[in-house]
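This report walks through one protein model, from strand pairing to single residues. Please keep the sequence and the 3D view open while reading.

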Amino acid sequence: MKTWRLRSSLWVPHPPAAVFPFFADAANLQLLTPSWLSFTMQTPQPVAMAAGALIDYRIRVRGVRLRWRTRITCWDPPHVFGDEQVRGPCARWHHVHTFTACDGGTILGDHVDMRPWGGPFAGVLMALFVRRDVERIFRYRAQVIAAQFGTRHDGAELVWADDGRRGPVSW
């Protein structure tokens with residue numbers, strides 16, 4: 001089955017050790033998630049972040065209320081952490097967050113391997129709905145991160161590795 005790969009990056013003017021704690025706090029998922037997803041955290045706070053930690057939340061996708069559980073798959077502060085969907089809106093969702101020192105700041109990288117539910121119709125669902133929704137989520141995240149860390153969100157880049165579409169995120 002086909003897997004779609006999304007790569008996103010945004011430079012912020014702070015070192016990895018200064019920005020990593022924001023992303024390490026699961027409570028900030030609420031801030032990073034657009035309101036149209038009706039995100040609610042279910043796991044009691046604070047979450048003890050480490051490899052193997054489970055985080056439960058609920059979202060609403062196109063009117064359908066869904067439970068989503070992710071497991072932290074790797075944890076190496078302040079360089080990288082990864083999460084993988086255990087249960088949720090995709091057949092596969094694996095997200096690696098990277099924090100790379102660059103030019104006195106940090107390049108925040110997001111690497112997502114995903115596949116929507118739908119079996120043989122997954123490609124159609126991806127083309128009609130999922131790709132656009134995921135892009136909207138990552139544009140929103142870039143805006144919030146830019147505001148949080150004092151940089152411009154129009155420097156964000158979003159690339160779908162499956163079709164080579166690339167370039168600055170449209171604002």
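## Cys74 and the β4-β5 pair

Cys74 faces Gly82, a residue of β5. The model is predicted. Strands β4 and β5 run antiparallel, and 7 bridges join them. The link between β4 and β5 is a hairpin of 3 residues. Pro78 sits in this loop between β4 and β5. The peptide bond leading from Pro77 into Pro78 is cis, with omega near -5°.

Cys74 is partly exposed, because its relative accessibility is 26%. What is the closest cysteine sulfur to that of Cys74? It belongs to Cys90, 19 Å away, so the two are too far apart for a bond. A disulfide would need the sulfur atoms within 2.5 Å. The count of disulfides in the model is 0. Another cysteine, Cys102, has 25% relative accessibility and therefore also counts as partly exposed.

## The sheet

The sheet is open and has 8 strands. Its order is β2-β3-β4-β5-β6-β7-β1-β8, and the pairing is antiparallel. Which strands form the edges? They are β2, residues 40-41, and β8, residues 157-160. Each of these edge strands pairs on one side only. Strands of a sheet pair through backbone hydrogen bonds, in either a parallel or an antiparallel way.

Strand β3 covers residues 54-61 and pairs with β4 through 8 bridges. The two strands are antiparallel. Within this pair, Asp56 stands across from Arg69 of β4.

The β3-β4 hairpin leaves 2 residues between its strands. Arg62 is placed in this loop between β3 and β4. Its phi is positive, about 50°, although Arg62 is not a glycine.

The bond runs from Gln45 to Pro46, with omega near -5°.

## The β6-β7 pair

Strand β6 spans residues 90-102, and strand β7 spans residues 105-116. They pair in the antiparallel sense, over 12 bridges. Phe99 has Leu108, in β7, as its bridge partner.

Asp103 lies in the loop between β6 and β7. Is Asp103 buried or exposed? Its relative accessible area is 71%, so Asp103 is exposed. Asp103 has a positive phi of about 50°, yet it is not a glycine.

## Helices across the sheet

Helix α1, residues 16-24, lies across β1, β4, β5, β6 and β7. In the model, β1 covers residues 4-12, β4 covers residues 64-76 and β5 covers residues 80-87. The angle between helix α1 and β6 is about 155°.

Helix α3, residues 122-149, lies across β1, β6, β7 and β8. It runs at about 15° to β1.

## Met126 in helix α3

Met126 is part of helix α3. It has a relative accessibility of 1%, and so counts as buried. Residues up to four places away in sequence are left out of its contact list.

Met126 and Pro116 are 10 residues apart in sequence. In space, their C-alpha atoms are 6.8 Å apart.

## Thr3, ahead of β1

Thr3 belongs to the segment before β1. How is it classed by accessibility, buried or exposed? At 16% relative accessibility, Thr3 counts as buried, because the limit for that class is under 20%.

Not counting residues up to four places away in sequence, Thr3 touches Arg92, Asp113, Met114 and Arg115. One of these partners, Arg115, also makes a polar contact of 3.2 Å with Thr3, side chain to side chain.

Methods. Residues numbered from 1 in each chain as written. Predicted model: local features only at pLDDT ≥ 70, side-chain atom pairs only at ≥ 80, totals over all residues. Heavy atoms only, no water. Pairing = 2+ DSSP bridges. Helix = DSSP H or I, 4+ residues; strand = E, 2+ residues; numbered from the N terminus. Contact = heavy atoms within 4.5 Å. Axes fitted to C-alpha atoms, helices over the stretch in contact; angles between N-to-C directions. Buried < 20%, exposed > 50% of the residue type's maximum accessible area, 1.4 Å probe, protein only. Polar contact = N/O pair within 3.5 Å; in protein donor to acceptor, adjacent residues only side chain to side chain.
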